[in-house]
Amino acid sequence: MPTLPDASLDQLFRSARTHRWWEERPIPEEILRAVMDLAKMGPTSANSSPGRFVFVVSPEAKERLRPHLDEGNVRQTMSAPATVIVAYDTEFYEKLAFLAPHSRDARGWFAGKPQAIEETGFRNSSLQGAYLIMAARALGLDCGPMSGFSRKGVDQAFFPDGKLKSNFLINLGYGLADKLHPRQPRFAFEEFCTIA
């Protein structure tokens, strides 16, 4: 497999930033669909794909979200063209016959096992949210992932039946680069990696 050119690596990683200020420009639905068509290809445990995604774009849906945001996240979220609620389905295992047809006993790994459901749902929806970020960047969007919100409040407002649970939020749009702070430091390899 060939290495991506530097320009692509810059767009995905080196030049990409967490944005909090946005252009007043909507994201076309076809772009949101294209993002998810890419993001869904990322690997998850047993292809379980427990992530569920709500694209909060309408003024009414934004107002449902507003009271559950930490104060410091209200402005950036309400002004973003879209906010994604990254959630997970606590009954994801019911889809494993379709998603993992080569593992006929896969449902039994999770059904009736709340700890396995929670760990797999949370871990893999986190991965899927990260894939979403990279897919969005690849398609020219900027991202502002965050965890400053009430999970309980969001779950009650958007998932009242209790089947889905929120994980984190991602603001999406076209970021204002002139509002960015200088990039914060990162560790050197030796400070956070070991080769065993």
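Predicted model: local features only at pLDDT ≥ 70, side-chain atom pairs only at ≥ 80, totals over all residues.
Local features were considered at pLDDT of at least 70 and side-chain atom pairs at pLDDT 80 or more, whereas totals for chains, interfaces and linings use all residues. Residues are numbered from 1 along each chain as its sequence is written, and side-chain values use heavy atoms, with hydrogens and water left out.

Helix α6 spans residues 114-138; helices (H or I, at least four residues) and strands (E, at least two) are DSSP runs numbered from the N terminus. The 25 residues of α6 reach 36 Å from the first C-alpha to the last, close to the expected 36 Å, where the expected span is 1.5 Å times one less than the number of residues. Buried positions (under 20% relative accessible area, 1.4 Å probe, protein chains only) in α6 include I117, G121, N124, Q128, L132 and A135. An α-helix has 3.6 residues a turn, so residues three or four places apart point the same way. The buried residues of α6 pack against α1 (6-14), α2 (29-39), β1 (51-56), β2 (82-89), β3 (142-146) and β4 (164-173). Just after the helix, G140 adopts a positive phi of about 90 degrees.

A nonpolar core is a set of buried Ala, Val, Leu, Ile, Met, Phe, Trp, Tyr and Cys residues joined through side-chain atoms within 4.5 Å. The largest such core contains 18 residues, of which I27, V35, L132, I170 and L172 touch the most other members. At least two residues of this core are supplied by each of α2, β2, α6 and β4. A second, separate core of 14 residues includes I85, F149, F158 and L164. Leaving aside residues up to four places away in sequence, the contacts (heavy atoms within 4.5 Å) of I170 include V84, V86, G129, L132, I133 and C143.

Pockets were identified on a 1 Å grid over the protein atoms alone, as open sets of points where a 1.4 Å probe fits, with protein on both sides within 12 Å along at least five of seven lines; lining residues have an atom within 4 Å of a point. The largest pocket has 17 lining residues, with R17, T18, R20, L180 and Q184 nearest its centre. The second largest pocket is lined by M36, D37, A39, K40, S49, G51, R52, F53, F55 and Q128. Strand β1 provides the largest share of this second lining, 4 residues, and α2 and β1 each supply at least two.

Note on methods:
Buried < 20%, exposed > 50% of the residue type's maximum accessible area, 1.4 Å probe, protein only.
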